[in-house]
Amino acid sequence: MYVKAHRPTDLNRNTEWFTYPGVWTTYILILFFSWLIVLSVLNCSSGLAWTIVHLSHFLVTYHFFHWKKGTPFADDQGIYNRLTWWEQIDSGKQLTRNRKFLTVVPVVLYLIASHTTDYQHPMLFFNTLAVFVLVVAKFPHMHKVRIFGINADQ
Amino acid sequence: MITIPYLTALTTYFSYGLLFAFGQLRDFFRKIFDWCRASNLQGYAPICLGLEDFYIRRLYLRIQDCFGRPIASAPDAWFDVVERYSNDNNKTLKRTTKKSRCLNLGSYNYLGFAASDEYCTPRAIESLKRFSPSTCSARVDGGTTTLHTELEECVANFVQKPAAIVFGMGYVTNSAILPVLMGKGGLIISDSLNHNSIVNGARGSGATIRVFQHNTPSHLEKVLREQIADGQPRTHRPWKKIIVVVEGIYSMEGELCKLPEIVAICKKYKAYVYLDEAHSIGAVGKSGRGVCELLGVDTADVDIMMGTFTKSFGSCGGYIAGSKELIQYLKYTCPAHLYATSISPPAAQQIISSIKVILGEDGTSRGAQKLARIRENSNFFRSELQKMGFEVLGDNDSPVMPIMLYNPAKIPAFSRECLKQNVAVVTVAFPATPLLLARARICISASHTKEDLVKALEVISRVGDLVGIKYFPAEPNKQQQEKGMIKVD
């Protein structure tokens, strides 16, 4: 089955790949397959596997979406050097479909992880902390905000 | 509009994700090793900050042997490619003295002027003896010879505009003219797939830049209306000038621009039109006069016509054609005219001779034959590829045809397999194209004979089966089924 690829008007090559069809499905499939891999390697309960997936998802997405700034290409001449990936997508427009999807995914993962561990204590605390940090970082009010100067430029 | 099979999109994202993850892992270990090893550059800032060169180091260098292959002869239909080998997994490549004779499907040799030509080459050699290889000065100092004035008249006549100005380099033509024409308070609306020279020129001009969806006149109208109503950013004053920049043939897509609609919209909203005919001048149109002739647009409606001599004329340099006042103004202000060395005299003579051949002024009909041949070759090749099941982009009559590859692993596979069978193709990937849409771009020339094209089709079909890029079902054709095509899934 075929999909049509519309060409976006986003000039930032670091983020325009996110507007093509198939990205959301790939993201969800990667999360699902990593859960299967964690389960098979560690031989733990499914709840613990979801918690591990949730926390590693938190670490990876926080690092790449909200910590790393700039683009991996030199010929952008550094115009995006002060913006994290999250601040660059959709040219900084807030509340677009992509942003809403990316905000919902950690929440859904949190619900699955807490449900499958039966809301038990040490996991619940870490999961809640992770989802709180991720969702707050994605608020429209946090656009270009650097709390206490963390991750600000020199 | 490109149709991708959904599964291919998913696997392409997954492949890039994997390549990215491995790259990050290797960078992480590299950081640990470098931390242990002391550096003798204490206090200096790093040349590359953070991830700037991540793509080059971790993705491009892995398949570096598919790009930048040195050649050892003129880029005619068949040429010599120098073989290279690498001892450290493609980080450095060393040349050998062996050469292989390959079919050239990558050079922009649309009319076959890249190799020596019976009319052009003797005249170019004569002008080399008379004027020497370089004028050694800028146009305004001592660099205007009789050849330069003859060339400007010749170009203006060919493009059917009152006057023209010629520069030594095509890229510089765009990046030095746009800052002169536009300044702060102006608006540049450019197609989203415009060439890097236009993007650079627009950024250097200081004007506000807006982008409209590729080749979509309705979106252009929407952007124009929105911007005219809004005015300049923050002050909301009316714009000083609005210019719309489009290309004749887009080199990565092979598509023709929808010029009649775009010109109509620009007339309605009183915006200037800048047409970059780098790939279409000399290659399309009944007498080779480019996309205006092909699509029936009056050249008086296009305000500024730009083009380069690298593709169809077998030379180097670029030109701008427009009204006499515009060209006079550019001669006073454009830095490429005032400070840059003028175009080399033998190159200028080559352009004049090739224009004469195209127009038939040399007394033979070779020009018309070349134009007919490139049209037939392009249409034949494109239809055959589409019948075989490849996804080929581009309009009919366009000599540029990209074959979609999508997956990052198929890029080096296709390129290397074709080279083994003596066909040289150019593959393009991210970031020159969008992430998903990596392609192999084929440029057809008038000097390709029918046998060359048939051989190329056979090789591409075999390699396509091996690599798995026949995304569409092949049309059942008795002749091709006899050749034993098995669809590999």
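**Figure 1. Cysteines B:Cys316 and B:Cys418 of the predicted model.** The sulfur of B:Cys316 lies 14 Å from the closest cysteine sulfur, in B:Cys120, which is too far for a bond. A disulfide is a pair of cysteine sulfur atoms within 2.5 Å. B:Cys418 is in no disulfide either, with the nearest cysteine sulfur, that of B:Cys102, 10 Å away. Over all chains, the structure holds 0 disulfides. B:Cys316 is partly exposed, at a relative accessible area of 34%, whereas B:Cys418 is buried, at 0%. Buried means under 20% relative accessible area, exposed over 50%, and partly exposed in between (1.4 Å probe, protein chains only).

This is a predicted model, in which local features need pLDDT of at least 70 and side-chain atom pairs count only at pLDDT 80 or more, while totals for chains, interfaces and linings use all residues. Residues are numbered from 1 along each chain as its sequence is written, chains are lettered from A and ligands numbered from 1 in the order in which they are written, and side-chain values use heavy atoms, with hydrogens and water left out.

**Figure 2. Overview of chain A.** Chain A has 5 helices and 1 strand, in the order β-α-α-α-α-α from the N terminus. Helices (H or I, at least four residues) and strands (E, at least two) are DSSP runs, numbered from the N terminus. The C-alpha trace of chain A spans about 50 × 50 × 25 Å along its principal axes. Of the 154 residues in chain A, 44% are buried. Among contacts in chain A with a separation of 6 or more, 61% are between residues 24 or more positions apart; contact means heavy atoms within 4.5 Å.

**Figure 3. Helix 1 against helix 4 in chain A.** Helix 1 (residues 23-42) of chain A packs on helix 4 (residues 97-116) of chain A at an angle of about 15°, with the axes 12 Å apart. Axes are lines fitted to C-alpha atoms, for helices over the stretch in contact, and angles run from 0 to 180 degrees between N-to-C directions. The two helices are therefore roughly parallel; angles under 35 degrees count as roughly parallel, over 145 as roughly antiparallel, 65 to 115 as roughly perpendicular and the rest as oblique. Helix 1 of chain A contributes A:Trp24, A:Tyr27, A:Ile28 and A:Leu31 to the contact, and the residues from helix 4 of chain A include A:Phe101, A:Leu102 and A:Val105. By class, this contact has 8 nonpolar, 1 polar and 1 charged residues. Ala, Val, Leu, Ile, Met, Phe, Trp, Tyr, Cys and Pro count as nonpolar, Asp, Glu, Lys and Arg as charged, and the others, Gly among them, as polar.

**Figure 4. Helix 4 against helix 5 in chain A.** The axes of helix 4 of chain A and helix 5 (residues 121-137) of chain A come within 9 Å and cross at roughly 170°. These helices are therefore roughly antiparallel. Residues of helix 4 of chain A in the contact include A:Pro106, A:Val107 and A:Tyr110, and those of helix 5 of chain A include A:Leu124, A:Val131 and A:Leu134. The contact has 8 nonpolar, 4 polar and no charged residues.

**Figure 5. Surroundings of B:Asn90.** B:Asn90 lies in the loop between strand 2 (78-85) and strand 3 (94-104) of chain B. At 10% relative accessibility, B:Asn90 counts as buried. Not counting residues up to four places away in sequence, B:Asn90 touches B:Leu61, B:Arg62, B:Ile63, B:Gln64, B:Asp65 and B:Arg416.

**Figure 6. Surroundings of B:Met306.** B:Met306 lies in strand 9 (residues 304-308) of chain B and is buried, with a relative accessible area of 1%. Leaving aside neighbours within four places in sequence, the contacts of B:Met306 include B:Gly170, B:Tyr274 and B:Ile320.
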